[in-house]
Amino acid sequence: MTLRTGTLDIELTRARRRAADFAALAKPRVVLMVLLTALVGFYLGSRGAPDYVALLQTLIGVGLAAAGSLALNQFLEREVDSRMERTRLRPLPDGRIEPTEALGFGAAMTVAGLLYLALAVNVLSSLVAAIIVGSYLFVYTPLKRKSAICTVVGSISGALPPVIGWAAARGELGLEAWVLFAILFLWQLPHTLAIGTLYREDYARAGIRVLPVVDPDGRSTGRQIVSNCLALLVVGLLPTLIGLAGAVYFLGAFALGVGLLGCGFALAISRSMANARRLLFASLVYLPVLLGLMALDKVPF
């Protein structure tokens, strides 16, 4: 009995570790952010009270497609990840999951998510999700080792989740959806450049050509950060100007935009790790607070 119990405990422990490794492939924290932006897009796009069944179906489809895409990204970048300190202990470079397992897991999740959106929600939401998958895996991922423009391309796919939510709620895309896209697009640039600054040596070791790697003196990086923070400050006010959100949101968006711009200026002036961490933290605060304000101060229609 003791031997059987011990064997069972070992098997359960092994199964839990395997499950944790597959969960790590899906990057749950990134998926959570994707789901948050899709949820806000759905809520803002809903006429009257949201259809909560449709919302749940949307989140299921988006979650599956996002998790699968992130797993496939790790499959494609397993060799690059093995060269970086921050990623070398991920399941694939560390050898805890076989590449074929990751490929099958990621492909199954991605296809299931896209099909679920098409069948349970609508074809438009699935089409937007498919554009994200295609651009993320087959344009952004290989471009990271070729050109610093990869950050811009990656920001396009990262800005589309709220558009999925809007498409799921409305069945069509309008100006409001593209304003949400623009906010997410502009937010990602200083956010990603802050990360690139923090891990510049790691990225260089792996041959990833983000702007902080190919810009030795940091001047171009600083200009990009400040210009995009400034653009985000302006574009972040548009939801009120187009009648999507109210005055409370406007004031909050202005304050958040000024704060992020100040952190951007600080990093542009002095490319220190402390300033990069401050900008990264500010960007992580900015987005959920901005989206929360937009949802709370939504103008009924």
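User: Which ring does the charged end of Arg-86 sit over?
Analyst: In this predicted model, the charged end of Arg-86 sits over the ring of Tyr-199, at 4.4 Å from the ring centre.

User: And what about Arg-78, which ring is under that one?
Analyst: The charged end of Arg-78 is placed over the ring of Phe-75, and the distance to the centre of that ring is 4.4 Å.

User: Switching to salt bridges, how many are there?
Analyst: The count comes to ten salt bridges, and one of them pairs Arg-18 with Glu-101, whose closest N and O atoms are 2.7 Å apart.

User: What does Arg-47 form a salt bridge with?
Analyst: Arg-47 forms a salt bridge with Glu-172, where the closest N and O atoms are 3.9 Å apart. This pair too links distant parts of the chain, with Arg-47 in the loop between helix H2 (28-45) and helix H3 (52-76), and Glu-172, 125 residues away, in the loop between helix H8 (161-170) and helix H9 (175-198). Arg-47 counts as exposed because its relative accessibility is 54%, which is over the 50% cut-off, whereas Glu-172, at 41%, counts as partly exposed.

User: Is Asp-81 buried or exposed?
Analyst: Asp-81 counts as buried, with a relative accessibility of 3%. Its side chain meets that of Arg-90 in a salt bridge of 3.2 Å, N to O, and Arg-90 is partly exposed at 22%. Elsewhere, salt bridges that share partners join Asp-21, Asp-94 and Arg-96 into one network.

User: Now the aromatics, how many pairs are there?
Analyst: There are four aromatic pairs, among them Tyr-136 with Tyr-140, which is stacked, with 5.7 Å from centre to centre and 15 degrees between the planes. Both tyrosines lie in helix H6 (residues 123-143), four residues apart, or about one turn of the helix. Tyr-136 is buried at 16% relative accessibility, and Tyr-140 is buried at 17%.

User: Why is the pair of Trp-178 and Phe-181 edge-to-face?
Analyst: The pair is edge-to-face because the ring planes stand at 75 degrees, with the centres 5.7 Å apart, and planes over 60 degrees apart count as edge-to-face. Trp-178 and Phe-181 both lie in helix H9, three residues apart, and together with Phe-185 they form one aromatic cluster.

Conventions. Residues numbered from 1 in each chain as written. Predicted model: local features only at pLDDT ≥ 70, side-chain atom pairs only at ≥ 80, totals over all residues. Heavy atoms only, no water. Salt bridge = Lys/Arg side-chain N within 4 Å of Asp/Glu carboxyl O. Helix = DSSP H or I, 4+ residues; strand = E, 2+ residues; numbered from the N terminus. Buried < 20%, exposed > 50% of the residue type's maximum accessible area, 1.4 Å probe, protein only. Phe/Tyr/Trp six-rings, centres within 6.5 Å; stacked < 30°, edge-to-face > 60°. Lys NZ or Arg CZ within 6 Å of the ring centre and 35° of its normal.
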